[in-house]
Amino acid sequence: MRVDVVSIFPDYLAPLGLSLPGRARDRGLLDVHVHDLRDWTRDRHRTVDDTPYGGGAGMVMKPEPWGEALDEVLPAGATLLVPTPSGVPLTQALARDLATRDHLVIACGRYEGIDQRVADHYGADHEVLEVSIGDYVLNGGEVAALVLIEAVARLLPGFMGNAESLTEESHEAGLLEYPGYTKPATWRGLDVPSVLLSGDHAAIAAWRHDQSVRRTAARRPDLAHPSRAVSVEGLAAHV
Ligand SMILES: Nc1nc2cc(Br)ccc2s1
């Protein structure tokens with residue numbers, strides 16, 4: 001998979017050279033290219049933002065630099081991801097779906113976001129997903145890009161040493177993961193649940209599923225209603 005990231009703070013993406021993404025790059029599973037949006041500005045001040053039409057606080061990112069950049073960085077067939085608090089939620093299902101793409105391009109907004117015409121323009125010929133990584137507001141899309149890349153890259157075949165661990169993670173089956181324990185069997189007076197020491201694999205599996213169900217009901221009742229999920233096909237629809 002190739003990933004291109006466009007940002008006015010390209011150094012923010014430096015962590016992509018470390019740990020898992022770094023290993024994936026070394027293995028040729030992930031090919032990451034980071035670009036500075038200001039390289040596509042044409043004025044001496046390298047301007048990327050302006051005041052919003054209709055008034056209001058803050059600044060909006062101008063469409064021209066983004067158009068020049070994406071015309072060069074976003075080829076036919078690539079998927080454009082635009083992190084934004086007003087996007088569709090990033091879920092494990094969406095990450096799994098994005099992991100099937102050959103080429104992702106991530107446009108990192110700043111200020112009050114990117115002029116909407118950029119997503120609309122490229123939406124005519126490309127898959128464009130405006131994606132939220134959570135119900136909170138950051139100062140820019142760079143941190144969200146790191147989250148997106150890690151969530152997707154770790155699902156690439158060959159990326160994780162033990163692919164089996166991927167099937168038991170939180171959200172993989174619409175449930176939160178069961179609690180984990182390791183040695184010692186007793187720590188500060190706290191014992192590991194005895195079923196885990198029993199060697200009875202059927203009982204262990206049943207206990208773990210029960211723990212996942214209980215934990216999900218307690219912490220994420222919203223996950224208990226999959227009817228509220230949105231299909232990937234429905235995500236790209238501009239509302
Ligand atoms: N949660 C998020 N906040 C933001 C803010 C900006 Br500005 C750009 C992208 C995102 S994603």
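Q: In which helix is V147 found?
A: V147 is found in helix α5. The model is predicted, so local features need pLDDT of at least 70 and side-chain atom pairs count only at pLDDT 80 or more, while totals for chains, interfaces and linings use all residues. Residues are numbered from 1 along each chain as its sequence is written, and side-chain values use heavy atoms, with hydrogens and water left out.

Q: What makes a run of residues a helix or a strand?
A: Helices are DSSP runs of H or I with at least four residues, and strands are DSSP runs of E with at least two, both numbered from the N terminus. By this reading the protein has eight helices and nine strands.

Q: Why is V147 called partly exposed?
A: A residue is buried under 20% relative accessible area, exposed over 50%, and partly exposed in between, using a 1.4 Å probe and protein chains only. V147 has 36% relative accessibility, so V147 counts as partly exposed. Over the whole protein of 239 residues, 40% count as buried.

Q: Why is the contact between E142 and R110 called a salt bridge?
A: The term requires a side-chain nitrogen of Lys or Arg within 4 Å of a carboxyl oxygen of Asp or Glu. For E142 and R110 the N to O distance is 2.9 Å, so the pair meets the rule. E142 lies in helix α5 (residues 142-153) and R110 in the loop between β6 (103-107) and α4 (116-123), so the pair ties together parts that are 32 residues apart in sequence. E142 is buried, at 0% relative accessible area, and R110 is buried too, at 12%.

Q: How many salt bridges does the rule give?
A: The count comes to ten. Among them is R46 with D39, whose closest N and O atoms are 2.9 Å apart. R46 has a relative accessible area of 34%, and is therefore partly exposed. Salt bridges also link D97, R101 and E127 in a network.

Q: Where do R214 and D210 lie, and how many residues apart are they?
A: R214 and D210 both lie in helix α7 (residues 201-219), four residues apart, about one turn of the helix. An α-helix has 3.6 residues a turn, so residues three or four places apart point the same way. The side chains of R214 and D210 form a salt bridge at 2.6 Å, N to O. R214 is exposed at 56%, while D210 is partly exposed at 31%.

Q: What makes β6 a partner of β1 and β5?
A: Two strands pair if DSSP finds at least two bridges between them. β1 (residues 2-7) and β6 pair in the parallel sense over five bridges, and R2 stands opposite H103. β5 (residues 79-89) and β6 pair in the parallel sense over three bridges, with V105 as the bridge partner of L80.

Q: Which parts do the buried residues of α2 pack against?
A: They pack against β1, β2 (31-36), β4 (60-61), β5, β6 and α4. In α2 (residues 63-73), the buried residues are P65, W66, G67, A69, L70 and V73.

Q: What are the domains, and where do their bounds come from?
A: The bounds come from an automatic or database domain assignment, which gives domain 1 (2-159) and domain 2 (164-227). Their centres, taken over C-alpha atoms, are 35 Å apart.

Notes. Contact = heavy atoms within 4.5 Å.
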